[in-house]
Amino acid sequence: MNTVYDVKMLEFPQLGDDRGHLVVVEGCSEVPFEIRRIFYIYGSDPDVIRGRHANRRSEFCLINVCGTSKVKVIDVNGEENVFYLDRPHIGVYLPSMIWKDMYEFSPDSILLVLSNEYYDASEYIRDFDTFRSRAK
Ligand code: TYD
């Protein structure tokens with residue numbers, strides 16, 4: 001079972017020149033999975049908490065391509081960690097079966113999410129006690 005110690009900050013190379021920055025994220029390279037899905041979250045008020053779920057199969061990489069937010073992760077053992085996303089070339093990798101809350105979105109936050117899976121609502125665990133009951 002994955003733990004918060006399997007959640008990793010990723011720093012992507014900035015291929016900048018005098019025209020500006022360019023960041024490349026390729027599957028199985030900068031992120032440790034094949035990318036099947038992207039979505040992005042914006043327009044969330046600072047007091048909103050999003051996420052509040054774990055995924056049986058999905059892995060994610062979260063990147064604040066604009067603005068800032070925080071990601072709190074909790075594993076089945078109840079261990080926690082918080083990651084601050086504040087630069088467009090920084091991401092956080094979340095393996096499967098990690099509870100996540102995204103919060104403190106800045107007004108200009110655009111949170112880009114890459115995943116290894118197509119959307120399947122049935123692989124989301126949205127009840128925290130059900131998630132914690134997976135602890136062995
Ligand atoms: P939700 O999982 O609640 O978003 P968050 O993780 O940011 O809290 O998803 C919001 C809605 O969008 C919900 O009705 C499910 C739908 N959705 C999709 O259809 N496909 C997707 O890939 C995602 C992430 C959500």
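This note walks through the ligand site, the aromatic pairs and a few loop residues of the structure above.

1. Basis. This is a predicted model, in which local features need pLDDT of at least 70, side-chain atom pairs count only at pLDDT 80 or more, and totals for chains, interfaces and linings use all residues. Residues are numbered from 1 along each chain as its sequence is written, and side-chain values use heavy atoms, with hydrogens and water left out.

2. The shell around the ligand. Arg 37, Phe 39, Ile 41, Arg 50, Gly 51, His 53, Tyr 119, Tyr 124 and Arg 126 surround the ligand. A residue belongs here if one of its heavy atoms lies within 4 Å of the molecule. By class, the shell has four nonpolar, two polar and three charged residues. Here Ala, Val, Leu, Ile, Met, Phe, Trp, Tyr, Cys and Pro count as nonpolar; Asp, Glu, Lys and Arg count as charged; the others, Gly among them, count as polar. β2 (37-42) and β3 (50-55) each give the shell at least two residues. Strands are DSSP runs (E, at least two residues), numbered from the N terminus.

3. Arg 37 places a polar side-chain atom 2.5 Å from a ligand oxygen atom. Gly 51 uses its backbone: a polar atom there is 2.8 Å from an oxygen atom of the ligand. For Arg 126, a side-chain N or O atom is 2.9 Å from a ligand oxygen atom. On its own the ligand exposes 520 Å², and the protein buries 60% of that. These areas come from the Shrake-Rupley method with a 1.4 Å probe.

4. Aromatic pairs. Rings of Phe, Tyr and Trp (its six-membered ring) pair if their centres lie within 6.5 Å; planes under 30 degrees apart are stacked, over 60 edge-to-face, and the rest tilted. The count is seven aromatic pairs. Tyr 40 and Tyr 42 have ring centres 6.1 Å apart and planes at 25°, so this pair is stacked. Are these two residues buried or exposed? Tyr 40 is exposed, at 51% relative accessibility. Tyr 42 is exposed too, at 56%. The cut-offs are under 20% relative accessible area for buried, over 50% for exposed, and partly exposed in between (1.4 Å probe, protein chains only). Elsewhere, ring pairs join Trp 99, Phe 128 and Phe 131 into a cluster.

5. A charge over a ring. The charged end of Lys 70 sits over the ring of Tyr 84, 6.0 Å from its centre. The rule asks for NZ of Lys or CZ of Arg within 6 Å of the ring centre and within 35 degrees of the ring normal.

6. Positive phi. Most residues other than glycine have a negative phi. Cys 28 is not a glycine, yet its phi is positive, about 60°. Cys 28 lies in the loop between β1 (8-11) and β2 and is exposed at 54%. Met 97 also has a positive phi of about 60° without being a glycine. Its loop runs between β7 (90-94) and β8 (99-103). Met 97 is buried, at 4%.

7. Two further loop residues. Gly 67 is in the loop between β4 (60-66) and β5 (69-74) and is buried at 17%. Its C-alpha atom is 28 Å from that of Arg 57, 10 residues apart along the chain. Ser 106 is in the loop between β8 and β9 (110-115) and is buried at 13%.

Notes:
Polar contact = N/O pair within 3.5 Å; in protein donor to acceptor, adjacent residues only side chain to side chain. Helix = DSSP H or I, 4+ residues; strand = E, 2+ residues; numbered from the N terminus.
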